[in-house]
Amino acid sequence: MTVSAKTISAQRTLSWGRMLLWGLALWGLVAAIYRLTNGLGASTNLSDGRPWGLWISIDVLAGIALAAGGFTIGAIVKIFHMKRFYPLLRPTILTAFLGYVIGAASIFFDLGLPWRIWHPLVYHNLHSPLFEVAVCVMTYTTVLALELSEVVFEGLGWRTLRRLVGAIMIPLVILGIVLSTMHQSSLGTLFVLSGWRVSPLWRTGFLPLLFFLSAVAAGLSMIIVEANLAARAYHKKLDQPLLAELGKYAAWVLLVYAIIKAATFVMSGGLAALGENLWLTLLFLVEVIVGVLIPLVMLFSARVREDRHLLFRAAFLVAFGVLLNRFNVSLFGLKGVAYVPTWAEWGITLGMMAGAILFFDFMVRHFPIFEKGH
Amino acid sequence: MEAQSLVAKSLLERGITRRDFLKFCALMAGTLALPMSYGTRIAEALEKKTTKLPVIWLEFQDCAGCSESFTRSSKPSAAHVVLDLISLEYHETLMAAAGFQAEQAREEVVKRGGYLVIIEGGVPKGDDGVYCVIAGRTALQVIEETVKNAAAVITVGNCGSFGGIPRAHPSPTTATGARFVVKEMFPDKPIIGLPGCPVNAVNVTATLVHFLAFGELPPTDQHDRPLFAYGALIHDNCPRRAHFDRGEFVREWGDEGHRKGWCLYKMGCKGPITYANCPAVQWNDGLSWPIGSGHGCIGCTELDFWDRPIYEPVKIQEAAPPAFYPSVEEGPEGKVDAVSAGITGAVVGAAAVAGATLLKGKKSNNGSSQPSDEG
Amino acid sequence: MGKKINRREFLKIAGASVGGLLLTAGAVTASGKEEVRPFKPVTDGYAMLYDATLCVGCRACQNACRRANNKPAELDPTGLYDAPNDLSGDTWTLIKLYKSEDGQTWSFVKRQCMHCIEPACVAACPLGALHITPTGAVAYDKNICFGCRYCMVSCPFGVPRYEWDTTTPYIQKCDFCTSNGRLERGEPPACVEACPTGALVFGTRSELLAEAHQRIEAHPDRYVDHVYGEHEAGGTHALYLSGVPFEDLGFPQLDEKPLPESIKIPLDYAVPSIIVGMTTFSVAAYLVTRGEEDKS
């Protein structure tokens with residue numbers, strides 16, 4: 001079940017994949033410097049008619065939704081006392097932490113005045129959904145860092161600190177659940193205030209609820225996806241029954257999501273808007289069919305859940321569906337002018353992801369991420 | 001015997017009616033950008049004069065064009081009254097005297113003081129000023145001697161005010177405007193510059209009238225140019241401005257636009273960077289002016305204008321809206337470029353391939369992992 | 001296998017959570033919670049009335065705004081004219097032209113910030129950089145803003161613009177000449193003062209609404225029977241009269257609901273409920289399922 005650290009580090013440290021990752025990270029570094037020294041106009045294709053682009057859609061919205069595994073696994077293991085899921089806890093917390101760091105970093109680059117990123121600590125508009133997102137994300141990233149520190153202290157052998165963190169772990173996890181619920185839904189609230197701008201296919205006052213539910217489903221699915229990827233990369237065996245159970249929970253969440261989404265869609269007159277714009281209709285159908293309906297059916301089948309590859313595919317589709325949903329709401333379906341991300345926008349996005357993978361790999365090799373805990 | 005009004009004497013001798021004189025004074029008030037009531041005040045002030053104002057007119061590196069401009073007049077008019085209010089004691093081109101007599105006349109006026117100095121032409125500073133020597137003295141020495149007791153100095157022409165042709169590249173004599181030299185030697189002397197190539201006679205007359213009537217020089221800009229004449233860009237008062245605003249430009253000499261009187265900007269008109277009152281007072285007794293005749297302004301009232309190619313368009317200093325409007329349908333524009341589209345396509349394509357590869361996988365029973373070489 | 005939550009436990013947890021939620025909802029409603037906002041909507045502040053039928057398109061207003069706020073000209077590609085096509089980082093107001101397809105009907109229209117009574121941008125701004133001044137004008141504090149551009153996303157009129165081409169960009173929009181001090185000195189905005197035809201007038205909102213309706217009544221054939229900004233998005237301080245339909249002039253069709261109303265429930269009610277509810281739920285779940293920790 002577990003892989004010793006020795007085995008991992010014995011593998012080649014420079015392969016094509018690794019070179020690609022470092023290449024992307026370098027691209028990201030160059031892009032970051034260019035962005036900070038030349039301003040947004042030079043480094044992005046954002047404009048007055050399209051103030052938000054790739055960074056917001058993928059790194060902030062999609063990234064944070066897909067990192068929801070952090071609080072869901074924490075709830076499952078620590079709150080619901082389902083200790084058998086423990087092996088999944090540490091790697092998921094690590095990826096969630098990296099996901100939120102990416103989200104925060106891309107906000108840093110997206111802000112017109114990045115050095116003022118600390119302003120929400122001093123200037124508050126308590127009734128802005130974005131303020132709430134900012135404060136929640138800041139706090140939750142800290143929570144994740146603290147949760148992760150337990151592994152770090154364990155690896156470093158700093159027992160006192162480790163015990164200290166362990167002592168506050170439950171409150172941390174509860175805080176994480178509350179904060180996550182708040183900001184996952186408030187990311188949806190962002191598009192209620194600007195609802196006039198959202199395509200009728202996605203426009204509803206229930207976006208906060210839909211964002212939250214889809215985040216939970218995405219979180220659970222990403223645990224399955226990442227477990228499969230890590231197994232492949234680090235030559236581990238998969239605990240399929242464990243993942244199958246997660247798949248079942250994801251199925252139920254997805255079902256509730258699908259029902260509420262369908263109901264709100266009809267309620268807000270989405271039916272009439274179908275077909276008005278061919279491109280948007282297509283995107284909507286892909287999101288709903290490929291991203292919700294198909295994986296929903298798959299996940300409810302025990303046969304699928306017990307098969308490693310089929311479960312992986314179903315989970316992947318859920319994650320893809322949520323990613324597409326965030327893009328649909330914030331980019332494709334958001335009224336605005338033509339836009340296509342520049343080399344710098346892609347650079348920062350891909351570079352950060354590559355950096356995260358490299359960091360993940362570093363942590364796995366030097367800290368007991370995959371060790372059997374208690 | 002009571003001193004006689006110079007004006008009265010002049011009108012009598014020249015056969016000009018007082019009415020014409022008053023009209024002239026009103027015209028001067030207008031030219032000087034003063035309220036209409038000043039027409040009467042100017043007339044009264046001038047009529048009080050009983051003694052002529054001595055004037056020394058110096059010429060250095062010049063073509064005498066400014067003197068020509070000032071004295072050229074197609075018909076006798078009330079403007080000539082001004083000539084009877086001054087006593088031109090020294091003018092190399094116009095005076096009858098020559099040699100020692102001429103220089104003596106100048107020295108005596110200087111001794112008496114209370115005179116006006118008008119300087120035409122550039123001053124060479126190179127090699128201690130040897131390139132302009134009059135009666136054994138360099139221009140620099142002449143200025144030193146002559147300006148010291150003057151009541152005020154007027155430098156006429158681009159040469160006198162800025163340096164004009166002599167100053168143009170490469171300026172082998174290291175010429176500069178007489179105005180700069182005077183300011184350096186006598187920083188407190190009231191001075192005014194009337195550039196132009198040549199200077200517009202109307203502006204000289206008006207400045208003289210102002211000085212005669214009010215005893216002081218009119219308000220000036222940072223180049224000592226009177227604001228009444230050099231306060232506005234030609235571009236802002238040009239009768240062809242509407243064509244500029246509508247984008248109607250002459251593109252070739254003699255084309256349709258040229259015949260219709262369109263804007264000469266593309267033919268190199270320097271109107272947008274030139275301060276002068278040519279559109280208002282025009283030239284040759286109001287006959288016409290360069291743009292009116294179909295040739296662009298060459299910017300002759302500005303510093304270093306001889307170094308600017310006559311037919312090269314200039315950069316607009318203070319842009320204003322054109323005569324056309326954006327449509328309500330125009331909104332902010334999207335930014336899409338081919339390179340970014342290409343990169344995006346490549347990234348999305350690569351992601352799709354990666355995703356497909358990941359999703360493909362041999363169907364196997366649960367649990368066993370297939371070690372693959374990734375990482 | 002492992003522990004699964006049995007029905008009894010599920011009911012216990014659910015019950016606790018719902019109880020917590022109801023308690024919160026009750027507390028929030030019972031407290032008679034007043035609208036505590038970082039701004040106070042001003043309903044009868046200073047407003048501007050633009051009468052499109054009196055506008056001759058001279059753009060004195062556009063130029064006056066440039067000078068009063070020290071904005072550089074926005075050169076067209078030939079570099080000859082100051083010809084903005086739209087609001088931008090350097091253009092706070094501009095005149096646009098509407099022409100019907102057959103060219104027979106036309107009208108000018110002045111675009112700038114609408115200074116809504118309950119602005120979406122003010123509700124959106126996480127830092128409160130955009131705020132309502134006591135005069136009713138919506139002003140911007142460039143010392144607070146960090147450039148998230150959410151205001152740009154949320155404004156239904158597409159007003160706030162950004163200075164994309166600098167490394168220290170700020171949001172740019174009309175502020176009724178608040179920041180250049182004119183309003184403080186008791187002067188109307190520069191555009192109003194510059195207008196030679198009286199198409200622009202400044203006064204209190206109630207005064208101008210009365211004036212606007214009077215004009216419509218006096219000349220029903222001249223005006224579309226509607227004052228744009230009277231009710232749209234809860235009402236704005238920039239009011240418009242026109243001889244052509246407002247949609248033709250590019251104005252969005254908005255209903256009377258102020259945009260911040262749409263997030264009242266999620267923010268003012270749902271968030272406290274979530275905090276209490278999720279905490280209760282988590283604590284309850286932890287306690288209830290604790291007895292049966294599974295050993296793996």
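This passage walks through a predicted model, one region at a time.

We can begin with chain B, where five strands form an open sheet. Read across the sheet, their order is E2-E1-E3-E7-E9, and the pairing is parallel. The edges belong to strand E2 (86-91) and strand E9 (191-194) of chain B, each of which pairs on one side only. On average, neighbouring strands of this sheet are turned by 20 degrees against each other, direction ignored. One pairing can be followed in detail: strand E1 (residues 53-59) of chain B joins E2(B) in the parallel sense over five bridges. Within this pair, B:Val55 stands opposite B:Leu88 of E2(B).

Two helices of chain B that pack on the sheet deserve a look. Helix H7 (residues 139-147) of chain B touches E1, strand E3 (116-120) and strand E7 (152-156) of chain B, and the direction of H7 makes about 170 degrees with that of E1(B). Helix H11 (residues 201-214) of chain B also packs on the sheet, with E1, E2, E3, E7 and E9 of chain B as the strands touched. The direction of H11 makes about 160 degrees with that of E9(B).

The next stop is a pair of helices in chain A. Two packed helices are described by the angle between their axes and the distance between the axes. For helix H3 (residues 54-66) and helix H14 (residues 308-332) of chain A, the angle is about 140 degrees and the axes are 9 Å apart. H3(A) is therefore oblique to H14(A), and the crossing of H3(A) and H14(A) is right-handed. On the H3(A) side, the residues that meet H14(A) are A:Ile56, A:Ser57, A:Leu61, A:Ala62, A:Ala65 and A:Leu66. Their partners in H14(A) include A:Ala319, A:Val322, A:Leu323 and A:Phe327. By class, the residues of the contact of H3(A) with H14(A) divide into 10 nonpolar, two polar and one charged.

Elsewhere in chain A, A:Ala233 lies in helix H9 (residues 207-234). A:Ala233 and A:Asp361 are 128 residues apart along the chain, yet their C-alpha atoms are separated by 9.5 Å.

Chain A also meets chain C: 47 residues of chain A are in contact with 52 residues of chain C. On the chain A side, the elements that give two or more residues are helix H2 (16-43), helix H6 (129-156) and helix H8 (169-193). Of these, H8(A) gives the most, with nine residues. The side of chain A that touches chain C has 26 nonpolar, 15 polar and six charged residues.

Chain C itself has seven helices and nine strands. Of its 296 residues, 47% count as buried. Among the contacts in chain C with a separation of 6 or more, 65% come from residues 24 or more positions apart.

A last residue brings the three chains together. B:Pro332 lies in the loop between helix H16 (278-281) and helix H17 (338-359) of chain B. Leaving aside neighbours within four places in sequence, B:Pro332 is in contact with A:Ser47, A:Asp48, A:Gly49, A:Val337 and C:Asp86. With 19 other C-beta atoms within 10 Å, B:Pro332 is partly exposed. B:Pro332 and B:Ile273 are 59 residues apart in sequence and 32 Å apart in space, C-alpha to C-alpha.

Terms used
Residues are numbered from 1 along each chain as its sequence is written. Chains are lettered from A and ligands numbered from 1 in the order in which they are written. This is a predicted model: local features need pLDDT of at least 70, side-chain atom pairs count only at pLDDT 80 or more; totals for chains, interfaces and linings use all residues. Two strands pair if DSSP finds at least two bridges between them. Helices (H or I, at least four residues) and strands (E, at least two) are DSSP runs, numbered from the N terminus. Axes are lines fitted to C-alpha atoms, for helices over the stretch in contact, and angles run from 0 to 180 degrees between N-to-C directions. Two residues are in contact if their C-beta atoms, placed from the backbone, lie within 7 Å. Ala, Val, Leu, Ile, Met, Phe, Trp, Tyr, Cys and Pro count as nonpolar, Asp, Glu, Lys and Arg as charged, and the others, Gly among them, as polar. A residue is buried if 20 or more other C-beta atoms lie within 10 Å of its own, exposed if 12 or fewer, and partly exposed in between; C-beta atoms are placed from the backbone. Angles under 35 degrees count as roughly parallel, over 145 as roughly antiparallel, 65 to 115 as roughly perpendicular and the rest as oblique. A crossing is left-handed if the near helix is turned anticlockwise from the far one by less than a right angle, and right-handed if clockwise.
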